[in-house]
Amino acid sequence: AETLDFLREQAKGATWITSVCTGSLVLAAAGLLSGYRATSHWLSLNQLAFFDAIPVEERVVRDRNRLTGAGVTSGIDFALVLAAELFGEDRARHAQLVMEYDPAPPFAGGSPQNSDPELVDRARAGAAKFQARREDVARQAARALVELASMAGLSTARYSSAEEYANRAIRLAASLGDRALEAEALVALANSRARSEGPRAA
């Protein structure tokens with residue numbers, strides 16, 4: 001919780017909010033990718049949806065000021081895209097040349113889209129236990145985010161903010177398929193609307 005609170009606080013004044021590989025799951029757990037297109041390592045890409053993010057199968061994904069890179073080696077592509085944004089394309093091209101980044105992998109493949117399906121299945125099977133643990137943690141983090149959004153919806157004084165938080169909680173709970181959490185979020189939304197209307201005359 002301390003790490004996620006730190007990320008939320010830093011994001012308030014950040015020009016860019018970025019990650020590489022499964023770092024996007026940490027940003028998502030902090031609520032910083034809700035409603036944004038994003039990517040991650042292909043084995044964990046689906047977990048972004050638990051946090052109301054939009055998973056995209058691309059090496060680098062930019063959505064407004066969110067920039068995310070896919071697995072491991074995508075970090076170089078990500079860094080060059082960000083360098084171009086920060087310093088201009090000429091300096092990014094210069095960096096690409098100096099590091100001699102001209103990839104020519106020795107084997108075809110490298111992503112599920114262009115690899116032998118049998119190899120993809122073996123990779124999934126080999127990572128299955130670890131991925132199951134990661135998915136369980138991601139679901140727990142998403143549930144915590146739902147509860148945080150619901151509480152914010154119940155406590156904030158501004159109706160527009162309250163409704164936004166409550167609606168986010170509803171979307172998150174729905175993506176998890178958790179009916180109980182979704183009901184809590186609906187209560188938060190109803191309460192925020194009731195507060196906005198104020199007391200009614202008898």
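**Entry 1: contacts along the chain**

I looked up the contacts, meaning heavy atoms within 4.5 Å. Among contacts between residues at least 6 apart in sequence, 52% join residues at least 24 apart. I note that this is a predicted model, in which local features need pLDDT of at least 70 and side-chain atom pairs pLDDT 80 or more, while totals for chains, interfaces and linings use all residues. Residues are numbered from 1 along each chain as its sequence is written, and side-chain values use heavy atoms, without hydrogens and water.

**Entry 2: elements and surface**

I found seven helices and five strands in the chain; these are DSSP runs numbered from the N terminus, helices being H or I of at least four residues and strands E of at least two. From the N terminus, the order of elements is α-β-α-β-β-β-β-α-α-α-α-α. I then took the accessible surface, about 12100 Å², of which 56% belongs to carbon and sulfur atoms; the areas come from the Shrake-Rupley method with a 1.4 Å probe, and for residues only the protein chains shown count as cover. Of the 202 residues, 38% count as buried. Buried means under 20% relative accessible area, exposed over 50%, and partly exposed in between (1.4 Å probe, protein chains only).

I traced an open sheet of three strands in the order 1-5-4, with mixed pairing; two strands pair if DSSP finds at least two bridges between them. Strand 1 and strand 4 (60-63) are at the edges with a single partner strand each, so one side of each has no neighbour in the sheet. Strand 1 pairs with strand 5 (residues 66-69) in the parallel sense over four bridges. In strand 5, R66 stands opposite I17, and G69 is the bridge partner of V20.

Helix 3 (residues 74-87) lies across strand 1, strand 4 and strand 5, at about 155 degrees to strand 5. For such angles, axes are lines fitted to C-alpha atoms, for helices over the stretch in contact, and the range is 0 to 180 degrees between N-to-C directions.

**Entry 3: cores**

I searched for nonpolar cores, sets of buried Ala, Val, Leu, Ile, Met, Phe, Trp, Tyr and Cys residues joined through side-chain atoms within 4.5 Å. The largest has 23 residues, and L32, L33, L48, F50 and F51 have the most contacts inside it. Helix 1 (2-11), helix 2 (23-29), helix 5 and helix 6 (159-176) each give two or more residues to this core. Another core, of five residues, lies apart from it and includes W16, V60, L67 and F78.

**Entry 4: salt bridges**

I counted nine salt bridges in the whole structure, each a side-chain nitrogen of Lys or Arg within 4 Å of a carboxyl oxygen of Asp or Glu. R37 and E58 form one, their closest N and O atoms being 3.8 Å apart. This pair links distant parts of the chain, 21 residues apart: R37 in strand 2 (residues 37-38) and E58 in the loop between strand 3 (54-55) and strand 4.

The side chains of E89 and R93 also meet in a salt bridge (2.7 Å, N to O). Both lie in helix 4, four residues apart, about one turn of the helix. R93 is exposed at 55% relative accessibility, while E89 is partly exposed at 48%. Helix 4 (residues 89-98) is hardly covered, with one buried residue among its 10.
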